[in-house]
Amino acid sequence: VKKNSSEPEFIQAVKEVLESLRPVIDANEETYRREALLERLVEPDRLFKFKVPWVDDKGNVQVNIGYRVQFNNAIGPYKGGLRFHPSVYTGIIKFLGFEQIFKNSLTGLPIGGGKGGSDFDPKGKSDREVMAFCQSFITELYKYIGADVDVPAGDIGVGGREIGYMYGQYKKITGLYEGVLTGKGLTYGGSLARTEATGYGLLYLTEEMLKCNNNDIKGKVVAISGSGNVAIYATQKAHQLGAKVVTLSDSNGWIYDPEGIDVAAVKEIKEVKRGRIKDYLNYRPNAKYTEGKGVWSVKCDIALPCATQNELDLDDAKQLVANGCFAVAEGANMPTTLEATEYLQKNGVLFAPGKAANAGGVATSALEMTQNSERLSWTFEEVDAKLQQIMVNIFHNLSDAADRYNVPGNYVTGANIAGFEKVATAMTAQGIW
Ligand code: NDP
């Protein structure tokens, strides 16, 4: 804790995982101590930090900082997204990279944990500026990544446009046409259903969690935060499953549409016009827009935080419980604070942690890697069916792990244990490295 005291998000993520691993640690204490397994687990294999100079539209040189953490490759090549947001620094990248180890393990696919990004803010930048930044970013990062080494993807601020620019530059420098990035466009190696995967996967897992607790998602009212990739496709799938999503948000404010969010309108605002969620009123004048926070004050049955870390705090959790919310599943990474998570669990709310609930994105990225390796493309239905099966399996694996360690229904502990076991076994088998 002392060594990483300037990285509170990283400490928060490690604390949550290690505390819930206690029963496994106790059962294997001698081995883990002898091998310093936990010490090796919480220390990244390596962390790159680099300068990213680029020229803006006025001809001025801008300098941002780029990061990539290669956390653990015990079960496969490093894999994890790139985040472009002004808040990015080592603490954010390390928390995300650490979580990614267990998430990737939970998918059942051979991928290790990594993460990266920059404090670059794509908001308000022209396409040319974004391209200039992406090219400079990859001109340094290309040295450390590769289809069998480390395979970055998107995250906050990084979508198809950014991945395309980075892929083009990687190819120009290395001459390699390989699956070094996922989330690529469909004409150059991308996978069908990758765009939808995180949001869809979140709903597949939520649906299974409800089913296994004698409930049903059909007819339920859902509150969702964020209005980016995860939030949009979570909304779409929730509607397909017969639920009604009534909120979305961005960092400026939030909308409430009691009739149910119009997904086509949100897609046009966010994906085509790159606008703000406030613009929703132009499409649905009867909806309500409020500045600032507030999504979790709405009466709902299910809450799906899909924006960013620590966006759902203790007060929000109290409000959700008071309003009768009975299930929370995290589309974003670590959106719920530790206190809020505890409160929700204590009050009987079904709680699916992000490392399980949002694993559909990286799982489908791994399916993209498979398609790139065999130089084939699967149909949307094929990928979607695999995604659904993966999410159902994840839920049962973490639910079984919770049962095995006598904490039935504690899906946070279950997810951490199920994700950890495979990585720990692989680390032990591979000796000290
Ligand atoms: P996007 O950039 O597409 O959207 C992010 C959304 O969250 C935007 O609406 C954004 O609003 C909002 N947001 C971001 N930062 C903040 C903040 N500090 N305060 C309030 N709102 C904020 O990202 P994604 O949808 O891809 O990612 C959302 C979450 O899901 C992240 O936690 C990410 O790590 C996680 N995730 C994403 C996966 C993926 O496949 N994309 C996979 C697994 C997890 P604004 O426009 O105002 O910034």
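Two residues are in contact if their C-beta atoms, placed from the backbone, lie within 7 Å. The model is predicted; local features need pLDDT of at least 70, side-chain atom pairs count only at pLDDT 80 or more, and totals for chains, interfaces and linings use all residues. Residues are numbered from 1 along each chain as its sequence is written.

**View 1. Contacts and burial in the protein.** Of the contacts between residues at least 6 apart in sequence, 73% join residues at least 24 apart. Buried residues account for 51% of the 433 residues; a residue is buried if 20 or more other C-beta atoms, placed from the backbone, lie within 10 Å of its own.

**View 2. The open sheet of seven strands.** Its order is S9-S8-S7-S6-S10-S11-S12, with mixed pairing. Strands (E, at least two residues) and helices (H or I, at least four) are DSSP runs, numbered from the N terminus, and two strands pair if DSSP finds at least two bridges between them. Strand S9 (288-291) and strand S12 (350-352) are the edge strands, each pairing on one side only. On average, neighbouring strands of this sheet are turned by 15 degrees against each other, direction ignored.

**View 3. Strands S7 and S8.** S7 (residues 244-249) and S8 (residues 253-256) run antiparallel and are joined by three bridges. Leu248 stands opposite Ile255 in S8.

**View 4. Helix H9 on the strands.** Helix H9 (residues 229-240) lies across strand S6 (221-224), S7 and strand S10 (302-304), and runs at about 170 degrees to S7. Axes are lines fitted to C-alpha atoms, for helices over the stretch in contact, and angles run from 0 to 180 degrees between N-to-C directions.

Definitions and conventions:
A residue is buried if 20 or more other C-beta atoms lie within 10 Å of its own, exposed if 12 or fewer, and partly exposed in between; C-beta atoms are placed from the backbone.
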